[in-house]
Amino acid sequence: MPHPLAFLLLPFAWLYAGVLAVRNWLYDAGVKPVAAFAVPVISIGNLRVGGTGKTPHVAWLVAQLLARGERPAIVSRGYGRRTRGFQLADATATAASIGDEPLQHFQDFRGAVPVAVAENRGEGIVQILDNQLNITAIVLDDAYQHRRVRPALNILLTEQQRPFYQDFVLPAGRLRESRRGARRANVIVVTKCEPSLGEIRRQEITRAIRRYARPHTPVLFSTYVYGEPVPVNKAAAPPAGPEIVLLTGIAQPGPLREHLLGAGYTIVHHAAFPDHHAFSAAEITDVARQLQPGQSVFTTQKDATRLLDPTLQAVVTPLPVFYIPIEVQFLADGAARLQELLTPLFQPQAVV
């Protein structure tokens, strides 16, 4: 149920939604220019502010493209970075220079996949294509509202526990635009689902989504698979015991907490910070004070990229810090259906 205050803010939400509706109409009508590119552009984004699982879904998609023999690149805004303009990730990149999520992608694929950030994603695509002449696909991270680029495939994510069809536009809710924005999606993925989510419930969610999406838009469902703890300091020993201090700077730490508790860990303290929070040495020192003998610090992979900042090495290196890797797994036939949507994008074009 929405917070009672949301109803008082609805007039402002309607005004904001109206402004965005006019903006979208200008792009749809061709009044504002939209760039298209010779290589397929695949966009992954959401309607809601906050984490819907974009980062692991981008990683899943890029892995699928690599398995097909394609040569993808990732282009992101680089939210939270302290730089401006186009930046191409390299071995010297940090979360401060390109953002935590792009840095995670660069590290995950060990530099084999070009990763670039730019406020204007169209200009970013132009520059990365100029720099990397062998690119065959562009994956746009968090670009659903970036209308200056026309994607060949527009993937919209929404959480099972916080679906867009139960939310309101800012400031009454957390939506960046109205629910009708779902009509631009070529496929909608319901994320962070319960692994046991049954077919009847999936059909109910699909019907609710299609009230706002185009008819017959595929609706898929995915869940998270959590891996074993990975030491941030590669030389660290395995976790000593089940008691942990949890350190997070993400929008939705709840699913991770539930996983850790279900896996038998005891969270003795949770240092929770806002999404993309730039940790300070003083904050990490405060976390270290919470540790008792035999306890470890657990965090997310995205947070770990920020803990590797050179300014934090002196306080992070001595600590037993581990991150929990996440992979996406689709329910039912979701993976195969998404693969089917990718296939036409890479078919040879007939020569006229």
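I checked the UniProt record first. The unreviewed entry lists Arg-48, Val-49, Gly-50, Gly-51, Thr-52, Gly-53, Lys-54 and Thr-55 under "binding site". The model I am reading is predicted, so I take the positions from the record and the geometry from the computed coordinates.

**Gly-51.** I located Gly-51 in the loop that links β1 (41-46) to α2 (54-67). Is Gly-51 buried or exposed? Its relative accessibility is 18%. Buried means under 20%, so Gly-51 counts as buried. I then looked up its contacts, setting aside neighbours within four places in sequence. Gly-51 touches Glu-159, Lys-192, Ala-251 and Gln-252.

**Gly-53.** I found Gly-53 in the loop between β1 and α2 as well. Gly-53 has 8% relative accessibility, so I noted it as buried. With neighbours within four places in sequence left out, Gly-53 is in contact with Leu-157, Lys-192 and Tyr-224. Lys-192 is therefore on the contact lists of Gly-51 and Gly-53.

**Helix α4.** I moved on to α4, residues 100-108. How many of its nine residues are buried? I read seven, and the helix is mostly covered. The buried ones are Asp-100, Glu-101, Pro-102, Leu-103, Gln-104, His-105 and Phe-106. What covers them? The cover includes α2, β2 (72-76), α3 (95-98), β4 (115-117), β5 (137-141) and α9 (301-307).

**After the helix.** I checked the backbone just past α4. Arg-110 has a positive phi there, about 50°.

Technical notes:
Residues numbered from 1 in each chain as written. Predicted model: local features only at pLDDT ≥ 70, side-chain atom pairs only at ≥ 80, totals over all residues. Heavy atoms only, no water. Helix = DSSP H or I, 4+ residues; strand = E, 2+ residues; numbered from the N terminus. Buried < 20%, exposed > 50% of the residue type's maximum accessible area, 1.4 Å probe, protein only. Contact = heavy atoms within 4.5 Å.
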